Structure formats: C-alpha cells, structure tokens
Amino acid sequence: MAKPGFERRLRDFLAGEELEENINRFLKKNAKFVAGESEANQGQGEFFSCEVHEVWKDYLDIMERSMTDFQKSEDMEDMEFKRAVEDVADRAPMMVKLMLASWEFGQFVEICKEYLENEAERDDEDDNDASDSKYNEDSSNDCKMDRKEEK
C-alpha cells in the first residue's frame, strides 16, 4: 500500500518545474533534429536513423532518472514503488497512461514536433544550448530503424 498522499505527490512531481525544465532543456537541444528527420522521411515509411533512436534513448534516461529520484525521495523500495504506481493506475488510469505514452518512440517524435510548433511562444532563453547537442542535422549514418520495431 502506498504512503498516504502518494498520488498527489506523484501528480505534483510529474507536473513539477524541475521535470518540465529538464525536458524543455533536452527538447531545446534535440527537437529540431528529430522533427527534421521526421519531416524528411514523410511519405517514405516510418524509418528513422540510429541517431534519432539515440536521442530517444537519452530522453528515456532523463525520465528514468527522474522517476528514480522521485522514488528515492519517497524512500520506497522498487517493489513498493511499483505497487504504489500500479495502485495509482487503478484509481487514475489516464494519468499513468499519459505518463507512459510519453516514453513511446512515436509519441516522443510528436512531442518534438509540438515543441517546435510552440517554440515561438516561449521565451528565447539559452540560445547557445542548442549548439551543445551531440546529434546534428548533417548526420550521414546509413543505419535506419523502423519505428514499428520499437513496439
């Protein structure tokens, strides 16, 4: 059984500034690359380069580290945390489904596209961060990955 107030704290964590800032910082560096490749591949199937797959894996690492940090802040063992999240899923299934959906490759690509669409509305802070990405638009790696393989 989860500790009293766990669901509220999980909601607060998922909607919190720290997680949002981490995701926004990551998207600022990488969304253009992912969305650009998606646009370039339009009409040619659902294939993406290995570099896009690596960007997605880096995104998953951010999410995993964030959830691990939250778990530690709750002072919960792995099985206790898993059961607590499952309990929340029973009471608030949409919240957990939305959280997990953001970790799927196709949804990640859509998040990148939406980020770019909304970029003009955001403050133009840290412009230099974009040049720090280890992925670039000039990648010529022939390795392609079918999005359907991710399922």
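**Notes on a predicted helical model**

1. The chain has six helices and two strands; helices here are DSSP runs of H or I with at least four residues, strands are runs of E with at least two, and both are numbered from the N terminus. Reading from the N terminus, the order is α-α-β-α-α-α-α-β. Residue numbers start from 1 along each chain as its sequence is written. This is a predicted model, where local features need pLDDT of at least 70, side-chain atom pairs count only at pLDDT 80 or more, totals for chains, interfaces and linings use all residues, and side-chain values use heavy atoms, with hydrogens and water left out.

2. How far can you trust it? The pLDDT (the predictor's confidence in each residue, from 0 to 100) averages 80 over the chain, and 74% of the residues score at least 70. Helix H3 (residues 50-73) comes out highest, at a mean of 93, while strand E2 (residues 144-146) is lowest, at 50. Residues 147-151 have pLDDT below 50, and this stretch makes nine contacts in the model beyond near neighbours in sequence; contact means heavy atoms within 4.5 Å.

3. Now the inside. Of the 151 residues in the chain, 38% are buried, with buried meaning under 20% relative accessible area, exposed over 50%, and partly exposed in between (1.4 Å probe, protein chains only). The largest nonpolar core has 35 residues, and those touching the most other members are Phe6, Leu10, Leu27, Val34, Tyr59 and Phe108. A nonpolar core is a set of buried Ala, Val, Leu, Ile, Met, Phe, Trp, Tyr and Cys residues joined through side-chain atoms within 4.5 Å. Two or more core residues come from each of H1 (6-14), H2 (17-40), H3, H4 (78-91), H5 (93-101) and H6 (105-118), and H3 gives the most, with nine.

4. Take a closer look at H2. Its 24 residues should span 34 Å at 1.5 Å a residue, and the end C-alpha atoms are 33 Å apart, which agrees; the expected span is 1.5 Å times one less than the number of residues. H2 also bends by about 55° at Asn30, the bend being the angle between axes fitted to the seven residues ending there and the seven starting there. The buried residues of H2 pack against H1, strand E1 (47-49), H3 and H6.

5. Which residues does Val34 touch, leaving aside its neighbours within four places in sequence? They are Phe48, Val52, Val55, Phe108, Val109 and Cys112. Val34 lies in H2 and counts as buried because its relative accessibility is 0%.

6. Rings of Phe, Tyr and Trp (its six-membered ring) pair if their centres lie within 6.5 Å; planes under 30 degrees apart count as stacked, over 60 as edge-to-face and the rest as tilted. Phe6 and Phe81 sit edge-to-face, 6.0 Å centre to centre with 85° between the planes. That pair links H1 to H4 across 75 residues, and both Phe6 and Phe81 are buried. Phe26 and Tyr59 form a tilted pair, at 6.0 Å and 45°. Phe26 is in H2 and Tyr59 in H3, so this pair ties together parts 33 residues apart in sequence.
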